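Look at the sequence and the model shown here before reading on.

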Amino acid sequence: MDMKLEVVVLPVADVDRAKAFYTERLGFRLDADFPVDDGYRVVQVTPPGSECSIIFGTGVTSAAPGSVRGLHLIVTDIENAVAELTERGIAVDGPFRDATGVFHHAGTESQVTGADPQRRSYGSFAAFTDPDGNDWFLQEITQRAPGR
């Protein structure tokens, strides 16, 4: 049985501010904006090239705005991605790598400045937050691991 991740729900405080950030600043595609009533609005956006979308709005989650941690967007060139987001006015931390070379620790523990010296897939990261404080990571992947 195939199972694919379809949607990630993000808790935000200001739906219009989030919509502008994700569509205008990050360049996500706006798929839907359903303002049903004063207490229920659903906005769906999709990162370029992704099959998984992001939903936020009013009445779609009880989680606190800004409480999501560790979402990853995959890029093929971490340095170009950081430069492009910076040009769009987004504060980006990185590129960086973890001292272990495996993944990355929570926070900045074991964080080493600069991309992986060999530019190995899965080894280079950058980070940013949306206006509510939801944490996002960029991860450089140029060749998928077997079975992926």
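The report covers a sheet, a helix and some salt bridges.

This is a predicted model, in which local features need pLDDT of at least 70, side-chain atom pairs count only at pLDDT 80 or more, and totals for chains, interfaces and linings use all residues. Residues are numbered from 1 along each chain as its sequence is written, and side-chain values use heavy atoms, without hydrogens and water.

An open sheet of mixed pairing is formed by 5 strands in the order β5-β9-β8-β6-β7. Strands (E, at least two residues) and helices (H or I, at least four) are DSSP runs numbered from the N terminus, and two strands pair if DSSP finds at least two bridges between them. β5 (71–75) and β7 (111–113) each have a single partner strand, so one side of each lacks a neighbour in the sheet. β5 pairs with β9 (residues 135–140) in the parallel sense over 5 bridges, and L71 stands opposite W136 in β9.

The whole structure holds 11 salt bridges, each a side-chain nitrogen of Lys or Arg within 4 Å of a carboxyl oxygen of Asp or Glu.

| Pair | N to O distance |
|---|---|
| D132 and R17 | 2.7 Å |
| R119 and E79 | 3.4 Å |
| E84 and R88 | 2.6 Å |

D132, in the loop between β8 and β9, and R17, in helix α1 (residues 15–25), are 115 residues apart. D132 counts as buried at 15% relative accessibility, while R17 is partly exposed at 36%. Buried means under 20% relative accessible area, exposed over 50%, and partly exposed in between (1.4 Å probe, protein chains only).
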